[in-house]
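Please work through the following exercises with the sequence and the structure at hand. Each task is followed by a solution in steps.

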Amino acid sequence: MKRAIPIAIALVFLSYKDAKAASTEDFESWGKTYTQRVLPLAELYCFDCHDADTKKGELDLQRFGDLSAVRADPKTWQNVLFQLETGEMQPKDKPQLSAEDRTFLLDWVERYLHAEAGAQAGDPGPVMIRRLSNVEYTYTIHDLTGIDSLAPAREFPVDGAAGEGFTNVGEALTMSPALVGKYLDAAKEVAEHAVLLPEGIEFSRYTSRRDQTNELIARKKKSIIAILMRSRVTICHRISRASNSPIVLENYCPSRSTWRQR
Ligand code: HEC
């Protein structure tokens, strides 16, 4: 099993490399068809209105001189596909594409967009580094400390909603020098609940040393009792099960702890 993990990772990497290699080759052939067939058709039937000077509907198709230009802006080609599919383009009173050319063009754009989507799959595009929203921050502190009464974001400004109306969008979660100051204050407040113990850090609901000590002692007492209770239950269970088994319980009972560890 241990050996399977690195092998699996290696295989993922290999298949990833294969996929990449295949798509690069594909794009070479997409590039050739684009220059040899798509571009000349666009020149004949679209440039009248969509070259760099005319740009009807704010669309300049002439700037797509080769496939790499197309690949830099597939969104425009989604629009081209839509216009071709709906029959909006090119206008009816102009020389029309032959049925064959039209089918070819539609098919090419559709299949190219599909290949592009495949090549970009898994890439979310530029991702904004985002801070936690106030709610996320509060819940994270609750999870880390186990103290639900903490309200560290109390003094933070309210998170703004982005255009979409969500408060957890990276662009809307801005950070300002003033907010950094508030984060530090919040962290100090949380740190006051930390209790340093030989085995690590624990958090207490209280901030005074005396209250913290009392709370932790009470907590430890509870867990020690729980451990004792559990071992008793296990032993009783074993005893009842052992009554018709060859295990001689008396041999184990005096050294209970050793027995339980096995
Ligand atoms: C006779 C002029 C003319 C020709 C030829 C023409 N178009 Fe258009 N195209 C227009 C006009 C005008 C608009 C703007 C329409 C509007 O805004 O309602 C437009 C809009 C578009 C749009 C939408 C742009 C946008 O962003 O909204 C696309 C895509 C498009 N054309 C693609 C093509 C393609 C592909 C061809 C060739 C097959 C073509 N057009 C041929 C005049 C033309």
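The exercises below proceed from the whole chain to single residues.

The model is predicted: local features need pLDDT of at least 70, side-chain atom pairs count only at pLDDT 80 or more, and totals for chains, interfaces and linings use all residues. Residues are numbered from 1 along each chain as its sequence is written.

**Exercise 1. Overall architecture**

Task: State how many helices and strands the chain has, and in which pattern they follow one another.

Solution. 
1. Helices are DSSP runs of H or I with at least four residues, strands are runs of E with at least two, and both are numbered from the N terminus.
2. The count gives ten helices and two strands.
3. Along the sequence, these elements read α-α-α-α-α-α-α-β-β-α-α-α.

**Exercise 2. Burial and contact range**

Task: Determine what percentage of the residues in the chain is buried, and what share of the contacts with a separation of 6 or more joins residues 24 or more positions apart.

Solution. 
1. A residue is buried if 20 or more other C-beta atoms lie within 10 Å of its own, exposed if 12 or fewer, and partly exposed in between, with C-beta atoms placed from the backbone.
2. Of the 262 residues in the chain, 8% are buried.
3. Two residues are in contact if their C-beta atoms, placed from the backbone, lie within 7 Å.
4. Among contacts with a separation of 6 or more, 50% are between residues 24 or more positions apart.

**Exercise 3. The largest nonpolar core**

Task: Identify which residues form the largest nonpolar core and which elements give two or more residues to it.

Solution. 
1. A nonpolar core is a set of buried Ala, Val, Leu, Ile, Met, Phe, Trp, Tyr and Cys residues joined through C-beta atoms within 7 Å.
2. The largest such core has seven residues: Tyr34, Tyr45, Cys46, Leu61, Phe64, Leu67 and Val70.
3. Helix H1 (4-45) and helix H3 (67-71) each give two or more residues to this core.
4. Leucine 61, a member of the core, touches Ala42, Cys46, Phe47 and His50 when residues up to four places away in sequence are not counted.
5. In general, nonpolar side chains tend to be buried together in soluble globular proteins.

**Exercise 4. Cysteine 46 and the ligand**

Task: Explain why cysteine 46 counts as buried, and describe the shell around the ligand.

Solution. 
1. Cysteine 46 lies in the loop between H1 and H2.
2. Cysteine 46 is classed as buried because it has 21 C-beta neighbours inside 10 Å.
3. Its contacts, leaving out residues up to four places away in sequence, are Leu61 and Gln90.
4. The C-alpha atoms of cysteine 46 and proline 91 are 9.7 Å apart, although the two are 45 residues apart in sequence.
5. The shell has 16 residues, and the closest are Cys46, Cys49, Gly57, Met89 and Gln90.
6. Helix H2 (47-50) and helix H4 (74-85) each supply at least two shell residues.
7. By class, the shell holds seven nonpolar, five polar and four charged residues, where Ala, Val, Leu, Ile, Met, Phe, Trp, Tyr, Cys and Pro count as nonpolar, Asp, Glu, Lys and Arg as charged, and the others, Gly among them, as polar.

Definitions and conventions:
Near = placed C-beta within 6 Å.
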